[in-house]
Amino acid sequence: MQSVSAFFDLYFPANELLLPESATVALNFSNWITVVQRLDLEDAALKPALLAFCLARIGVGHNDQALSEQAIRLYGTALKEMNLALRNGSRIHTDETIAAGKLMAHYEMFHGSTTPKLKTRGSNWKAHTEGVIKLIQVRGPLGFDSENARLLFIDNNYGYHQP
């Protein structure tokens, strides 16, 4: 997972993700990314979603077409695995599934559409964001009893509040 390390070094230098607990709500993106680092990175949906996002960001940052193309393939794998996770009664309730959905939404926001139609990118981002909200609803209030789960929940309520 050298790509993931390279991504974190590039976008969060000098361990800036290690935040005090008092900063939990204020620096929302860093919080859920911190949670991702604590999860099972071998999860079938989370791993390709994380790698796709990381490689896409690095590919753009270094103008590396090969990395960008690899990111697209990994994103396709992430979509397939997320579909399987959503059909699996036990995987639908995991922090990894929520984190994979959030990563896929971020992928769509930054890299989702290769066409000039930003409307497509926006609708794909919205679909993933709404999917994450549904995952949270399915878990219910008692499904967020761990620190990781609470941070993912807080981030969604703070970061993606919908009327």
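**Figure 1. The side chains of R57 and H111 are joined by a polar contact of 3.5 Å.** A polar contact is here a pair of N or O atoms within 3.5 Å, for which, within protein, one atom must be able to donate a hydrogen and the other to accept it, while residues adjacent in sequence count only if both atoms are side-chain atoms. The model is predicted, so that local features need pLDDT of at least 70 and side-chain atom pairs count only at pLDDT 80 or more, whereas totals for chains, interfaces and linings use all residues. Residues are numbered from 1 along each chain as its sequence is written, and side-chain values use heavy atoms, with hydrogens and water left out. R57 is found in helix α3 and counts as buried at 18% relative accessibility, and H111, in helix α5 (residues 95-111), is likewise buried, with a relative accessible area of 13%. Buried means under 20% relative accessible area, exposed over 50% and partly exposed in between, computed with a 1.4 Å probe on protein chains only. Helices are DSSP runs (H or I, at least four residues), numbered from the N terminus.

**Figure 2. Helices α3 and α5 pass each other in a left-handed crossing.** The axes of α3 (residues 46-61) and α5 come within 8 Å and cross at roughly 25 degrees, which makes α3 roughly parallel to α5 (angles under 35 degrees). These axes are lines fitted to C-alpha atoms over the stretch in contact, and the angles run from 0 to 180 degrees between N-to-C directions. A crossing is left-handed if the near helix is turned anticlockwise from the far one by less than a right angle.

**Figure 3. N63 lies in the loop between α3 and α4.** The phi angle of N63 is near 50 degrees, a positive value in a residue other than glycine, and N63 is exposed, with a relative accessible area of 72%. At the start of α4, a side-chain oxygen of D64 reaches to within 3.1 Å of the backbone nitrogen of A66.

**Figure 4. Helix α4 (residues 65-86) has 22 residues.** From its first C-alpha to its last, α4 reaches 31 Å, close to the 32 Å expected at 1.5 Å a residue, the expected span being 1.5 Å times one less than the number of residues. The buried residues of α4 are L67, S68, A71, L74, Y75, A78, E81, M82 and A85. They cover an arc of only 135 degrees around the axis, taken from the directions to the C-beta atoms, which puts them on the same side of α4. The face turned away from this buried side carries the exposed residues Q65, A66, R73 and K80.

How values were computed: Helices (H or I, at least four residues) and strands (E, at least two) are DSSP runs, numbered from the N terminus. Angles under 35 degrees count as roughly parallel, over 145 as roughly antiparallel, 65 to 115 as roughly perpendicular and the rest as oblique.
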